Amino acid sequence: SISYTMTEFVLNDNPDLKWPVDLYLEGTDQYRGWFQSSLLTSVAWKGVAPYKTVCTHGWVVDGEGRKMSKSLGNGIDPLEVIAQYGADALRFMLLDGSTPGNDMRYSEKKVEAARNFANKLWNATRFVLMNLPEDFQPGLPEESKLDMSDKWVLTKLNQVAGAMTDNLDHFEMGLAAAKINSFIWDVYCDWFIEIAKPRLNSGDAEQADTARRVLVYVLDKALKLLHPFMPFITEEIYQALPKCDGAEDILMTAQWPEYTEALSFPAEESAMEAVMDLIRAIRARRAEMNVPPSKKAELMIVTDQAEPYQQGLHFIQRLAYASNVTFPETAPADVTGLVSVVTHDATAYLPLSELVDLAAERERIAKELEKAKNGLRITEGKLANEKFVAHAPENVVNAEREKVAKYQELIAKLEESAKAMA
């Protein structure tokens, strides 16, 4: 509990300290003890509660949800875990997926996954540093030099910074940790680094410099967002990165990234997402048919929105293993021997008939068609229910109507593909 005399002494001796304090962090076992005692003492002494905000966290329990104890023999030694996986991995496991007030189940597999995430970040940093010349000057290039992929990754970073700030303001540590994990692993490592490689090796000095500067800029901001969760590896990497004039010497004192409208490019983000959707779909189809990346194929893309795909042509050629890409205005009249890949606004045709099992392809299309027809039937059933249409929120009803249109479009394209395989 709080002592009148001790508290007065501490406050008088430290004028920077204020009463009430900003935050009281407690475990669920403390609620009836320390919190109520300090609350009653503060109200009697100062007339106000001692804390502006109280955040209650749960316990770390074993994989079955039981409290760790010597009698059960289910406890862990944190020092042993740290020795095996690192302190950052243990910290991140405890935070990732956690929710305020709920217990966190300890999982060694999750600790290992966090260690793998740290390794992924470390290897990505090594790649970036390996591609920096000695005279490299960091700093974001002017907007006119940024291509579609640069604006896409900057927009994603901007969105993550804004979302994480909101999460942390509301003590949603698990959501914030999951967002930066997804950004670094999926957006930065799996996509942007791969997209940047051709520019780094293109021989065009300006393009290569732009790619390097965006890679370093995004990595720098991502480290700042990750630092509260993984302080050791982020500080180590930050010390190795080239810094702009006036940058902080240590990451702990660096300014937290915030959302800024200047780094929001919704049109380029939408265009890049469309290109990525097509690349994913083509790669997934090729994987289903066991076609190795070394076997390139011609690609025809039929779409009413050709501009994004034309801008991302070099991404499609490299990442979708295309030997040549064309944009016919209409679908081929004779689709015999062609395999189609359908996304929300484009259809791609690949002449892979000699590389695939046509019978298996027909079976796959039939399954997708059945699934789409079932989805359409269920959605139309909802809309046929007068009570649902009358009482559901308007946006929910509109979303179901949009589903019907998408299902109908998908079914038409799948039927077209099935006819081509006949």
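What follows is a short tour of rings, charges, cysteines and a surface patch.

## About the model

This is a predicted model, in which local features need pLDDT of at least 70, side-chain atom pairs count only at pLDDT 80 or more, and totals for chains, interfaces and linings use all residues. Residues are numbered from 1 along each chain as its sequence is written, and side-chain values use heavy atoms, with hydrogens and water left out.

## Aromatic pairs

A pair of aromatic rings is described by the distance of the centres and the angle of the planes. Here, rings of Phe, Tyr and Trp (its six-membered ring) pair if their centres lie within 6.5 Å; planes under 30 degrees apart are called stacked, over 60 edge-to-face, and the rest tilted. The structure holds four such pairs.

Buried means under 20% relative accessible area, exposed over 50%, and partly exposed in between (1.4 Å probe, protein chains only). F92 is buried at 1%, and F229 is buried too, at 2%. Next come F117 and W185, a stacked pair with 6.3 Å from centre to centre and 20° between the planes. F117 is buried at 1% relative accessibility, whereas W185 is partly exposed at 28%. Ring pairs join F92, F117, W185 and F229 into a cluster.

## Charges over rings

A charge sits over a ring if NZ of Lys or CZ of Arg is within 6 Å of the ring centre and within 35 degrees of the ring normal. K197 lies over the face of F127, 5.3 Å from the ring centre. K243 does likewise with Y238, at 4.6 Å.

## Cysteines

A disulfide is a covalent bond between the sulfur atoms of two cysteines. How many disulfides does the structure hold? The count is zero, with a disulfide taken as a pair of cysteine sulfur atoms within 2.5 Å. C189 is buried at 9% relative accessibility, while C244 is partly exposed at 40%.
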